[in-house]
Amino acid sequence: MLSPTSENNTDKNRLHYDKRYAKINISKILKIVEHVDEYLDDVTVVDTSWVCMYSGNFREQLKGKKILELGCGNCYNVAVMAALGAEVFANDISDKSGDIIEALNVSVNFKFPIKYLQGDFLKIELMPNDFDLVVGKAFLHHLTHEQEHEFMKKIVANLKPEGGARFVEPAVNNLFLDKLRWMISVPGRPSSMNIKKFKEWQANDPHPIRNNSGKHYKALGYSSFKEVTIHSIGSLERFHRLFPKAKWNRKFRYRALKLEQLLPKFIQFELARTQTIIYEFPRKSNSEISK
Ligand SMILES: C[S@@+](CC[C@H](N)C(=O)[O-])C[C@H]1O[C@@H](n2cnc3c(N)ncnc32)[C@H](O)[C@@H]1O
């Protein structure tokens, strides 16, 4: 049984995303599915969450794999993975994701129609040792540490012994930079210096206050897996937010992502804004679990 803080966090997420996904029109997803390689060629060199999710040769690894996506949300990524030939199971706390998947399965002749697992992942009955891969895109940071710990235990139980997990999460590796970021107001979020308004905003925000550093995700991974790899990006790319949303802004992001690879590793890590978290070889038996 989870604490009231965690239960409240889940309720907040459900409410927030039910509202947001109610407006999703699947025609954009259908276009993506129809031109999936073209779409990935574009987004995987500019849009950080896609760059991270498809880094390495991830695209080529998916065909025929049994994959569970947690927090599938707007369902773009589950649709892409299904279009690439994976057998995809999708889970989200929002019922709206299920509606999107139902509509996608009606319109697209996927080799394996996407299966929706509705509701709280921790309460769903699944076959042990069943999945090749568990993925999440911008998902873990919506869980409290308590929830995350329970999710990891269940993920490990449901992965095949040679299976793994891949998450893409915001990277918060420098607290000074993070404080500065909160001070800058963006549409829909007041500056943290406006204490009253910021507190009001925070009360409805679906992000719990938690640790999103690479160090945290490394320690989390080693508690349940034998191998952990973290790649952080965005140290220069992140500055695109200071510029207008013009066409050249996208070019800036593309170039910045290439250029930042020349920076010393510790600077790339400190200034990163997004990270790929790869967990391999689940610790299945009690003797393999690190305390
Ligand atoms: C930032 S969104 C990311 C959605 C999608 N993966 C994407 O890349 O756009 C986070 C998602 O996690 C879902 N979520 C939050 N808490 C959850 C929980 N306990 N179980 C399942 N899904 C949850 C939310 O409903 C939301 O769809």
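Reader: Why are α8 and α11 called oblique to each other?

Author: In this predicted model, helix α8 (residues 145-158) and helix α11 (residues 214-224) pack at an angle of about 40°, with their axes 10 Å apart. Angles under 35 degrees count as roughly parallel, over 145 as roughly antiparallel, 65 to 115 as roughly perpendicular and the rest as oblique. The angle of about 40° falls in the remainder, and therefore α8 and α11 are oblique to each other. Axes are lines fitted to C-alpha atoms, for helices over the stretch in contact, and angles run from 0 to 180 degrees between N-to-C directions. Helices (H or I, at least four residues) and strands (E, at least two) are DSSP runs, numbered from the N terminus.

Reader: Which residues of α8 and α11 meet?

Author: Glu 148, Met 152 and Val 156 in α8 meet Leu 220, Ser 223 and Ser 224 in α11. Two residues are in contact if their C-beta atoms, placed from the backbone, lie within 7 Å. By class, this contact of α8 with α11 has three nonpolar, two polar and one charged residues. Ala, Val, Leu, Ile, Met, Phe, Trp, Tyr, Cys and Pro count as nonpolar, Asp, Glu, Lys and Arg as charged, and the others, Gly among them, as polar.

Reader: What makes α2 roughly parallel to α6?

Author: Helix α2 (residues 27-34) and helix α6 (residues 76-83) pack at an angle of about 30°, their axes being 9 Å apart. That value makes α2 roughly parallel to α6. On the α2 side the contact is made by Ile 29, Ile 32 and Val 33, and on the α6 side by Tyr 76, Ala 79, Val 80 and Ala 83. By class, the contact of α2 with α6 has seven nonpolar, no polar and no charged residues.

Reader: How do you know that α6 is largely enclosed by the rest of the structure?

Author: A residue is buried if 20 or more other C-beta atoms lie within 10 Å of its own, exposed if 12 or fewer, and partly exposed in between, with C-beta atoms placed from the backbone. Eight of the eight residues of α6 are buried, so α6 is largely enclosed by the rest of the structure. Among them are Asn 77, Val 78 and Met 81.

Reader: What follows α6?

Author: Gly 85 follows α6, and its phi is positive, near 95°.

Notes
Residues are numbered from 1 along each chain as its sequence is written. This is a predicted model: local features need pLDDT of at least 70, side-chain atom pairs count only at pLDDT 80 or more; totals for chains, interfaces and linings use all residues.
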